[in-house]
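Visitor: I'm new to this one. Can you walk me through it?
Guide: Gladly. Here it is.
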Amino acid sequence: MTTVLEVTGLTKSFGDHLVLDGINLSVARGETVCILGPSGSGKSTLLRCLNWLEAPDSGTVLLSGERVGVRQGGTVRMNDAELSRIRTRIGFVFQHFALWPHLTAIQNVMAAPIHVLGRPRDQVRAEAEALLRRVGLSDRADYFPARLSGGQKQRVGIARALAMQPELLLFDELTSSLDPELVGEVLTVMRDLARSGMTMVVVTHEMSFAREAASRIVFIDHGRIVETAAPDSFFRRPETDRARQFLLRYAGTAAMAALPEGAEHV
Amino acid sequence: MIEQFGIVWHARDLLLEGLLNTFWLSALSAAVSLVAGAMLAAALMARNQLLSRATGVLVDSMRCVPFLLFAYMVYYGLPSLGLRWDSWTCGLVALIVYNSAYMAELLRGAWRGLPAEMLEAGHAFGFHGAGFVRRIVLPPAIFAAIPMLGNQVIQIIKDSAFLTIITVNELTHAATVLQAKYFMPFASFVSALLLYWVLCVGVERLVGLVGARAELRR
C-alpha cells in the first residue's frame, strides 16, 4: 500500500498550552481516516499542521514521501512559493466554508487551478462543471456564496478542493456549522468520495458518518492519539476509558435528540 | 442677479473647461491612487517588519500634511530638485501621491476586516505573494470599502480646488477668472458650486450602483 501521509512526532503549543503532543499518523492511499475527539483536543490544529497553515513546533509531515513545510533533507523552512506548491497537492475543506465571496460558485472552483496551477481555462471550466454536477450544484454554478445555503457552500468547498486533483483531502469539522437538515446533503457527497478511493482525513463530530465511511478511527484527547481502531470495533468496544466516556456522551446526546420535543422535562 | 447668471451662461465654455479639468484630474488621481494605495496596503500588511513599518511612517506622515502645502511643495519645490513639470501635471501628481496614502489606509482597514478563514483558504490553495493580494484579498476588500472609497473620491474632487493656487485651470480657477472678468463673484462662485455638487452627486450615484452589486459579493 502506498503511504500518502506520514506524520511523525508532531508537536504544537500555543503559548504554554501544549495542543499537539507527539502525533504519529500514517494514511494509506484510498483510506478515509476520521479523527474524533472532544472539543479542544487538538483535532483542528492537527489538520492545520498537515498543510502548514499552522507551523508545528517539531515533528515531520510527509506527503507521498516529500517533506511539507521544510526543505527536503534539511531544517530550512520552505519559502512561500515552495509551500504553495506543496499545498496545491493537499485539498482543504474549511469548517466555515471559507469560499471567496467575490467569486461565483464555479469561479471559486476554477480560481486555483487557473491562477495557481496555470491550467487552461476551458479545460478547467469543463472539469468544474462536472464537479459541481457531482456535488449536485449544477444549477447554482453562477450564484455568489452569499446566495447559497450552508450545505451548498460546503459542497462548493468540496468541489473547489477536488478541482486541484489533490493527493490528500482534509476536512475540518465537517458539518459542524451546518443546520441539521443540511448535514445530509454534505454527507452524501462525502460517502461518494470515500467510495471513490479519495484519500481523506476528516475531523468530524458525525459519528454515523465515521462509523459508516471511515476506514479507520483515530481518537484524540489532550493532543495525543489515545486510540486507533477500525470503526466497527471502536464504536462497539472502545479500548480506552476516554473513548468510552466520549462515545457515551455522544450516545446520550443522540438519544436525547431522538426523544420527542420536551420529553426530557417529563 | 438673473442677468448675472445669464452672463455666466454666455461664458459657460470657461466654466465647462474648468469642470472638464476637475473631472479628469479627479478621475485620474482616484484611479491611480487606488492602484498605488493597494500596493501600499500590501506593503503595510507585509510580514517583513522593515517594509511595513517604513511604509507606515510614509503613509502616516503624508496624511498629516495639509494638501495645500503639499501642492505648493510639488509645484514650487520640485524645480529646485531639477524636476520641472507644468502646473496640470504637478497638480495631478500632488493629488495622486497625497490620496494614495489615504487609499492605502482605507484598504488596509478593509483587508483587516476580511474573514481570516477566507484568506487562509487562499493560502491553502496555493495563492501567495502578489497573486494572493490581487485575487484573494483586494476584490473583497475593495467591495467592502466602496462607501469609503466613494467618500475619498469626493474628497479628491474638493481637494482639487486647491490646485487653483498653483494655476491649474480647474473649476475653481475658472470661476475666479470668470468673476474677475465680469466682476460678479456671487453668480460665478455659485455656478461653480453647483457644478461641484453635480460631480459629487454623480459619484454618490455611482457608489450606490456599484455598492448594490458589491453587496452580493461580500
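Guide: One term to begin with: a residue is buried if 20 or more other C-beta atoms lie within 10 Å of its own, exposed if 12 or fewer, and partly exposed in between, with C-beta atoms placed from the backbone. This is a predicted model, where local features need pLDDT of at least 70, side-chain atom pairs count only at pLDDT 80 or more, and totals for chains, interfaces and linings use all residues. Residues are numbered from 1 along each chain as its sequence is written, while chains are lettered from A and ligands numbered from 1 in the order in which they are written.

Visitor: Which residues are buried in α1(A)?
Guide: They are A:Lys43, A:Thr45, A:Leu46, A:Leu47, A:Arg48, A:Cys49 and A:Leu50. That makes 7 of the 8 residues in this helix, which runs over residues 43-50. Helices (H or I, at least four residues) and strands (E, at least two) are DSSP runs, numbered from the N terminus.

Visitor: What follows α1(A)?
Guide: A:Trp52 does, and its phi is positive, near 70 degrees.

Visitor: Now A:Arg67. Where is its place?
Guide: A:Arg67 sits in strand β5 of chain A, residues 66-67.

Visitor: Why is A:Arg67 partly exposed?
Guide: Because A:Arg67 has 15 other C-beta atoms within 10 Å.

Visitor: And which residues does A:Arg67 touch?
Guide: Leaving out residues up to four places away in sequence, A:Arg67 touches A:Thr60, A:Leu62 and A:Gln72. Two residues are in contact if their C-beta atoms, placed from the backbone, lie within 7 Å. As for A:Ile86, 19 residues apart from A:Arg67 along the chain, the two C-alpha atoms are separated by 8.9 Å.

Visitor: New topic. How many residues of chain A are in contact with chain B?
Guide: 22 residues of chain A, meeting 20 residues of chain B. Helices α2 (80-87) and α3 (105-115) of chain A each supply at least two residues of that side of chain A. α2(A) gives the most, with 5 residues.

Visitor: What is that side of chain A made of, by class?
Guide: It has 13 nonpolar, 6 polar and 3 charged residues. Ala, Val, Leu, Ile, Met, Phe, Trp, Tyr, Cys and Pro count as nonpolar, Asp, Glu, Lys and Arg as charged, and the others, Gly among them, as polar.

Visitor: How many helices and strands are in chain B?
Guide: 9 helices and 0 strands. The C-alpha trace of chain B spans about 70 × 45 × 20 Å along its principal axes.

Visitor: What share of chain B is buried?
Guide: 40% of its 218 residues.
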